[in-house]
Amino acid sequence: MIDVGFPIITYPASSSIRERGRLHGETFQAAIAELAAIRRDLMVQKNPGLSKSKISSLATEQWAETLCYDSVTADEIAGIAEGAKLPLEELIVLNNYTDFRDIAVPDQGCSVLYVNEKHPIAGQTWDMHSSAKNYVCCIQIEAEQPADQQVIFSLVGCVGLMGFNGLGNMVGVNNINTSGARPGVIWPVLIRRLLNRDSFGLMREMLTSAPVTSGHSYLLASPAEAEFWEVMPDLAEKISRIALPERGHLIHTNHCLGKKAKLRELAGVQSSTTHVRYGLLEKKIDQVQSFTDAFELLNDHDNYPQSICSNYQTGAQDPSVTCGGALGDLSSGKITMWRGDEMYDANFVRHDFNLEMDRRG
């Protein structure tokens, strides 16, 4: 397997959307092809009845929905496909792996938090099938205006898994397994579109009206307020909120908390560690007062392997590992993203960013 080394992919302000995608695809052509093939194989392993023609049909439907929803970010995906010399279908599979209809994927086990004590801090682990770890990357979007800057945690070939922008907004996401999946927008495109909104209210409006494919929990966060939403086709349920001058925290793992969402949850394919990790977060979150505290919590090994950070497979749980994570101080623009585990992983890599913050209003 190729190891891309957790690179920072920089999109210059002067480049077009298609040019950014082409450069991304050309630079990581071999790795993108390898990751797309791995994800296609994993889908078929989990559902042997998922034929090539069915995958193609679903990809076509999802692409049509995505073009209607956000043609700009769709153009970036098309550019990546061109640069990587791959059929567009392969990029749709790579980006929307967890959302293909009728496929249960209990190997996404992220832990997400927002803390507003001394400073507003938001971040998450990113737990995926262990095959993804070699392909994680950062995308840094440069812009003439501070508000339009973004730093995104992603995979090569993918337009974004979570991220931060120059307004101090953050969008986080984790998987929940729910019924009613159907062809809809490619969810990394939704992440990017939310980060392009210039107010918290517009982010919320965009999220709750999105034609999603399947269930996810989303954290919308800003320096002044934050909300968790559990979103699936035909349902967007707010489950928690905090806003200044209130102080405190919000947390989420991979099971539904909303009353309506619980009625749609497929408990049989739930992450085997979700309730344990939620309990650990509840127990420890009150101790978080600083950026360093939050980083240490997201990298906590208590109760390993069913811990907040679980960097190695043991066979005792579903096939996910903590491939990395991201954390940001939403008032200062200080952001850190990492791959692996600083304590136990010889291939640990960490990048620090400082966004120039837009101080409007």
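Reader: How far apart are the mean positions of the positive and negative charges of the chain?

Author: In this predicted model, the chain carries 32 positive and 44 negative charges.

Reader: How many disulfides does the chain have?

Author: A disulfide requires two cysteine sulfur atoms within 2.5 Å. For Cys137 the closest cysteine sulfur belongs to Cys138 and lies 6.8 Å away, which is too far for a bond, and for Cys256 the nearest one, that of Cys110, is 15 Å away. By this rule the number of disulfides is zero.

Reader: Is Cys256 buried or exposed?

Author: A residue counts as buried when its relative accessible area is under 20%. The relative accessibility of Cys256 is 2%, while Cys137, with a relative accessible area of 0%, is buried. By that cut-off Cys256 is likewise buried.

Reader: What radius of gyration does the chain have, and what does the globule rule give for 361 residues?

Author: The chain has 10 helices and 14 strands. For 361 residues the globule rule gives 21 Å, and the value for the chain is close to this, so the chain is as compact as a globular protein of that length, with a radius of gyration of 19 Å.

Reader: What share of the contacts with a separation of 6 or more comes from residues 24 or more positions apart?

Author: Of the 361 residues of the chain, 62% count as buried. Among the contacts in the chain with a separation of 6 or more, the share that joins residues 24 or more positions apart is 65%.

Conventions:
Residues are numbered from 1 along each chain as its sequence is written. This is a predicted model: local features need pLDDT of at least 70, side-chain atom pairs count only at pLDDT 80 or more; totals for chains, interfaces and linings use all residues. Side-chain values use heavy atoms; hydrogens and water are left out. Helices (H or I, at least four residues) and strands (E, at least two) are DSSP runs, numbered from the N terminus. The radius of gyration is taken over C-alpha atoms; the globule rule is 2.2 Å times the number of residues to the power 0.38. Buried means under 20% relative accessible area, exposed over 50%, partly exposed in between (1.4 Å probe, protein chains only). Contact means heavy atoms within 4.5 Å. Lys and Arg count as positive and Asp and Glu as negative; His and the chain ends are not counted. The place of a charge is taken as NZ of Lys, CZ of Arg, CG of Asp or CD of Glu.
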